[in-house]
Amino acid sequence: MSVEWLSSVYDWKAGIALIVMVVALGKFGRWLVFKVPAFQGVREQNRALDKERLGRDKYPPLIKRSIRAGMWTNLAFFFVMAPLVVSFEPRPLWRGLFAIVLILMVYDFFYYLTHRFLFHAAHDSRFAVLRFFRRVHAVHHQARDPSHIDSFYVHPVETFMGQALFHVTVLGLGLALGDFHVVSVAIASVVYIQLNTFNHVKFELPGYKLLNWISFKHHVHHIDMQKGNYATITLLYDKLFGTLD
């Protein structure tokens with residue numbers, strides 16, 4: 001019975017399609033964005049800063065370990081968890097859009113809590129586990145004025161936790177509310193990935209007030225371990241809970 005149940009809910013074809021869509025949407029989105037000359041200029045500026053950072057001995061090995069941790073975490077999601085909660089079943093457009101917003105905002109809420117109360121726990125906490133996670137996150141905070149590459153300069157433990165939190169959010173919501181259309185999860189995944197990267201980009205362009213603000217706020221967070229701005233998709237929860245810096 002359990003095998004029959006699993007075969008009825010495990011849509012491996014949708015899981016594979018999800019991988020293809022995430023990769024394709026990410027590549028197409030980057031290609032499209034960098035067709036804008038102003039954004040191409042930002043990329044060149046960040047590449048110059050990234051080159052300087054990658055020349056430091058500590059950067060390449062940690063980035064390699066972080067990317068490896070992320071790769072295995074993502075593979076576990078795409079091949080084990082995602083096929084349980086994604087499908088090709090048609091949905092109304094409003095439901096697909098609602099699913100995208102729901103996934104991102106629920107994830108961001110739990111990331112806010114994790115970031116604020118675990119990664120930024122008091123340095124003198126009496127709980128060893130909290131001191132450990134603060135030290136893990138302090139690796140990423142070595143970048144006081146981050147550029148693009150610093151979105152990958154993350155301790156592997158933090159990489160695993162951040163990505164697992166997003167994937168478990170998708171899995172939990174899908175099991176609780178019913179499966180999602182594969183396109184909704186693909187778009188939510190790409191937005192999650194790109195915003196986590198863009199937060200660290202040095203972005204200063206006249207006429208792009210919102211993008212400048214998003215980048216600036218996360219750069220404020222990196223000034224030291226005492227700053228707010230803990231959410232990563234939006235700063236809504238920082239506004240609600242009084243931690244917007």
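**Exercise 1. Aromatic pairs**

How many aromatic pairs does a search of the whole structure find? Characterise the pair formed by Y107 and Y192.

Solution. The structure is a predicted model. A search of the whole of it finds 17 aromatic pairs. For Y107 and Y192, the centre-to-centre distance is 5.2 Å and the angle between the planes is 80°. Pairing requires centres within 6.5 Å, and an angle over 60 degrees counts as edge-to-face; the pair of Y107 and Y192 is accordingly edge-to-face. Y107 belongs to helix 5 (residues 93-119) and Y192 to helix 8 (residues 182-198). The two are 85 residues apart, and the pair links distant parts of the chain. Finally, both Y107 and Y192 are buried.

**Exercise 2. A second pair and its cluster**

Why is the pair of F203 and Y208 edge-to-face? Determine also the burial class of each residue and the cluster to which they belong.

Solution. The ring centres of F203 and Y208 are 6.3 Å apart and the planes stand at 90°, so the pair is edge-to-face. For burial, the cut-off is under 20% relative accessible area, with exposed over 50% and partly exposed in between. F203 has a relative accessible area of 7% and is therefore buried. Y208 has a value of 28%, so Y208 is partly exposed. Both residues belong to one aromatic cluster, which is formed by F39, F198, F203 and Y208.

**Exercise 3. A charge over a ring**

Over the ring of which residue does the charged end of R43 sit?

Solution. The charged end of R43 sits over the ring of F34. Its distance from the ring centre is 4.0 Å.

**Exercise 4. A nonpolar surface patch**

Which residues make the nonpolar surface patch of about 820 Å², and which helix supplies the largest share?

Solution. The patch is made by W12, I16, V20, M71, W72, L75, F79 and V80. Helix 2 (12-33) and helix 4 (59-81) each contribute at least two of its residues. The largest share, five residues, comes from helix 4. W12 has its place in helix 2.

**Exercise 5. Backbone of N229**

Is the phi of N229 positive or negative, and is N229 buried or exposed?

Solution. Most residues other than glycine have a negative phi. The phi of N229, by contrast, is positive, near 60°. N229 lies in the loop between helix 9 (209-221) and helix 10 (236-241). With a relative accessible area of 1%, N229 is buried.

Methods
Residues are numbered from 1 along each chain as its sequence is written. This is a predicted model: local features need pLDDT of at least 70, side-chain atom pairs count only at pLDDT 80 or more; totals for chains, interfaces and linings use all residues. Side-chain values use heavy atoms; hydrogens and water are left out. Rings of Phe, Tyr and Trp (its six-membered ring) pair if their centres lie within 6.5 Å; planes under 30 degrees apart count as stacked, over 60 as edge-to-face and the rest as tilted. Helices (H or I, at least four residues) and strands (E, at least two) are DSSP runs, numbered from the N terminus. Buried means under 20% relative accessible area, exposed over 50%, partly exposed in between (1.4 Å probe, protein chains only). A charge sits over a ring if NZ of Lys or CZ of Arg is within 6 Å of the ring centre and within 35 degrees of the ring normal. Patches are made of residues with over 30% relative accessible area and no salt bridge: like charges are joined within 9 Å, nonpolar side chains (Val, Leu, Ile, Met, Phe, Trp, Tyr) within 5 Å. Accessible areas come from the Shrake-Rupley method with a 1.4 Å probe; for residues, only the protein chains shown count as cover. A salt bridge is a side-chain nitrogen of Lys or Arg within 4 Å of a carboxyl oxygen of Asp or Glu.
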